Structure formats: C-alpha cells, structure tokens
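Notebook open, structure on screen.

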Amino acid sequence: MPPITRRNFLADSAKASALLALGGTSVGSLLSACGTSSASSEATTLAVEIDAGQNANPFMWFANDMQSAVGVSPKIIGLPFVGQYEKIVSEMITRSNVYDVLVFPPFFVGDFVAKGFLHKLTDFGSESDFKLDDVLPVYRDVYLKRNGNLYAAAYDGDQLQIAYRKDMFDKAGITKAPTTWDEFVATAQALHQPPTQYGNAFYGQRGFCYGWFINIFAANGGKWFSSDMTPGIAGDAGVKALETLIKLKRYAPPNILQIGYPELNEAYLNGSTAMVVQWNDLALKAEDSTKSKSVGMNGYAPSPVANYMPYSRVMAISAYTSNPHNSYKLIQYMNRSEVSIKDVYDPNCGEDPFRTSHFDTSAVKDHTGKPTMSAAAATTYVSANKGGLAIGYPELSIPGAPRYIDILDLKVNEALSGGSTAAQALKSASDEWNSITTALDKSAQVKAYADWVDSFHKAGINY
C-alpha cells in the first residue's frame, strides 16, 4: 500500500471503513475482544512506534527498570518525524498488529479516535493510574481525551520558546527579550551581521514551518476556525503573521528554507545566530558544554504575546495489538511522575515538562540525576516554560487535523520561497481547508471543533 498523501486520504479512509467491516467485525466488537484477552498470554517485549532518534531514548534508558517493575520491555520502531502520520495510518487501515504502543503528536488523536485505531485506556485500568490531577490542564484536557474517554497518556509537553544570546544582546544595548513581534523583527534586524552573526532563525523547511507562522498568527489574535468552520488563516491576522515571517527571513541564515529541527538547533548552538524561536528542549542543549558554545550566556523567554504549543507527544494502545494489557503496563510505567521527571530535563532527548510536579528547579537533571543547568539558568528556563503555558495556544486536534496542517505547511513554505504572496498562499490554503471540511462532513466538523474549543476553555485557555 503506498503512503497516504493529502489527496488520497479520503479515499483511504473509505478503504479503512471497508476493511474494518470485513467479516462483519465492527470496531466496537474488535475492541471488546481485545479488551477481554488474557494478560498471561501476551508478549512481554512490546513494539513501540515513535519518531526515530532522541525521543525514543527514555524508553531505552528505563527498559531494565521497567522490566523489573512491571514485567515488560520496549522494542523501538522508529518512524520519520515528517511522514509519521502516513506511516502509522498505512498500517492501521489494514488492522496490522505491527505496533503495540503508539507514540505520536496529539493532532493525530481526532483522526485516530474517529477511525477506531485506539483502545480506551480505561479498558485496562483506571484513570487514577495516570495521576491526571498532576498533568497540566492544557495537555490533559485538550490532548488526552475524546468524548469524555481517556485514549492517551502524556509523554511530552512541547511549546515554542525564545532562546537568545545575552552577550550579543548586551553588546547591542538590548536589555531584554522581545515581547511583541514588531520588537522581535527590530531586534533581529539590529543583531543581523552576516555572515558571522544572523539576527534570528526559524524552522523554514517544508514539513513544520507552519508552526512558526501559527505562533505569530496566535499573537495577532487569529483562530483556526470560526464556529461555523470558516478558516481564520486567510484573514488579516494570518496575512500579517505570514508577512512578518517573510520579513524575518531577511535577518536569517541564507539557507533558512533548509532549516528543520536539528539545523535550527545547530544554528543557535554553534554561535552564529543571536536569537531563535524553537521548541523548549533547545535550552537543555544550550547549557550542555558537549553540544553548545554558549553555556552560561543564554536567556530564555516565552514567545511574544501568545505561545504556540506544536507537536508534544502522547502514548496510546493500538486497537490491533495482540498485547493490550501489557501495552497498558508499559504506558502507565513511562507516564509515572517519578519516571517522566527524569527525562524532561535531559539534553539527550526532546521531552519537555507536562506535569505540575515537573516545574521544580531542583529537578532540572538528566536521567542519571546529574544537574543539566546552573541554578540560575534553571530558574530562568523553568520560569520561561511557566510563562509560555500561561499564554499557550494549543495545536489543532480534530478529525482531519493532519490534512489541514499539511496544506497550511505547504502554502506557508511556498510563500517563504517567494512562489506566492502571503495573501495568495493563505487564500489557497483556506480554499483547500473548506474542501477538507466538506468532504469530512461539515456538520460533524462543526461539532468536533466546538467540543475541542470547549475542552481548552475548561482548561483555562484564553481563545
């Protein structure tokens, strides 16, 4: 089966429905059958799907302790960061049991629940197993549940954040991180001294550049949709945001369209860039002398006005695993506060705080217990994380979210490359969003979006 693209997704969804109906087996009866299987007959080495690389490290760090504590251990199946959604779906629509545990960003949840790809965690235990009262509401209430049911457990709490070189700021007479996007542009311009020093850098590569647009869009008061599913991206807030991002390209490294996650880290860690907006795990690397040239010279702050929270990661049980009870044990173990706190401050993975108990400056240590920042840097970093959550703007997480986001990313990238104006790019994206909404059933999408918005209103998020 070829990988799913945004143009054949709906056709593949129809195939998925047909496959699920083969032999008269419904999703509900399939889940019920799995839920009543015996844990004693299940495998103890479990296939864990996750984006390949550093984010799989915690599973391996704690594998021996996990085996001793709950009798299971992980076997990592690494998928690409860009393209993970298509890889998972291509297995799931055939009811493949190649995965036991799925680790993925919450914007997949809407589709995965709608298609019956996930077990409810409460089929195998209690919500209390996950200490949800300690999980920050912005992650708990928005990302983990659908229709009142718990489908996922938190693994990572992502947000975008400013990292900046205090020494470069001081030399230019700039005393603080920018708090508006006009200030951000002016600061980038003032610090831009190519080819030895660039004013800023951002994720400009196809695949996730939309996130840096949404970060500014959120600050401009933009909303993903109106209550009737009219896209908000092509309005004034969106056009101004994309024009701002295009302007920032002037004060960025010349290869900005080739800069993705690792390249953006490197642009800052090698000392060539004065300021970046990046996922919040960059700070841990910036204070690691084996990775950074700027240890002790960095400042951290929330993004201006609003703080986008793209990606993150959650853990869920595949509906088609032969080992659901043991998969539950693995997820519950990795979600434990005493386990997760050991990786959210480790510079050798990308996981970030998602529990209230994680926001303790004395906990800023790697998985072996070694401090990863000075006390002063840890205080600044934890404060920046708290400040970002206070103005958090959640990732879209409704049915069709990966399709909406992929279209937006394509059009933002086109505008950054000069292939269209900001207004043209966003109008085109908006038109395609309308087509997706219609194909998925507009009335159903209106309800799904309203429910999603309500979930983060309940979490105290201003939207």
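**Entry 1: a helix on a sheet.** I started with helix H10 (residues 210–219), which lies across E7 and E8 and runs at about 105° to E8. My labels come from DSSP runs, numbered from the N terminus: helices are H or I with at least four residues, strands are E with at least two. Touching is contact, meaning heavy atoms within 4.5 Å.

**Entry 2: what I'm working with.** This is a predicted model, in which local features need pLDDT of at least 70 and side-chain atom pairs count only at pLDDT 80 or more, while totals for chains, interfaces and linings use all residues. Residues are numbered from 1 along each chain as its sequence is written, and side-chain values use heavy atoms, with hydrogens and water left out.

**Entry 3: the sheet under those helices.** Its three strands come in the order E8-E7-E9, the sheet is open and the pairing is antiparallel. Two strands pair if DSSP finds at least two bridges between them. Strand E8 (275–279) and strand E9 (298–302) are the edge strands, each pairing on one side only. From one strand to the next, the twist averages 30°. I looked up strand E7 (residues 160–165) with E8 and found five bridges in the antiparallel sense. Gln161 has Gln278 in E8 as its bridge partner.

**Entry 4: the other sheet I checked.** Here five strands make an open sheet, ordered E2-E1-E3-E11-E6, with mixed pairing. Strand E2 (73–79) and strand E6 (153–156) each have a single partner strand, so one side of each has no neighbour in the sheet. Neighbouring strands are turned by 25° against each other on average, direction ignored. E6 and strand E11 (residues 313–317) run antiparallel and are joined by three bridges. Asp156 stands opposite Arg313 in E11. Helix H5 (residues 84–92) packs on this sheet too, touching strand E1 (45–51), E2 and strand E3 (101–104), and its direction makes about 155° with that of E3.

**Entry 5: H11 and its partners.** At what angle do helix H11 (residues 236–249) and helix H17 (residues 401–416) cross? Roughly 45°, with their axes coming within 10 Å. That makes H11 oblique to H17; angles under 35 degrees count as roughly parallel, over 145 as roughly antiparallel, 65 to 115 as roughly perpendicular and the rest as oblique. Leu242, Leu245, Ile246 and Lys249 of H11 meet Val412, Ala415 and Leu416 of H17. I sorted these contact residues into six nonpolar, no polar and one charged. Ala, Val, Leu, Ile, Met, Phe, Trp, Tyr, Cys and Pro count as nonpolar, Asp, Glu, Lys and Arg as charged, and the others, Gly among them, as polar.

The contact uses Trp181, Phe184, Val185 and Ala188 of H9, plus Thr244, Lys247 and Leu248 of H11.

**Entry 6: zooming out.** In the end I counted 19 helices and twelve strands for the chain. Along its principal axes, the C-alpha trace spans about 70 × 50 × 40 Å.

Definitions and conventions:
Axes are lines fitted to C-alpha atoms, for helices over the stretch in contact, and angles run from 0 to 180 degrees between N-to-C directions.
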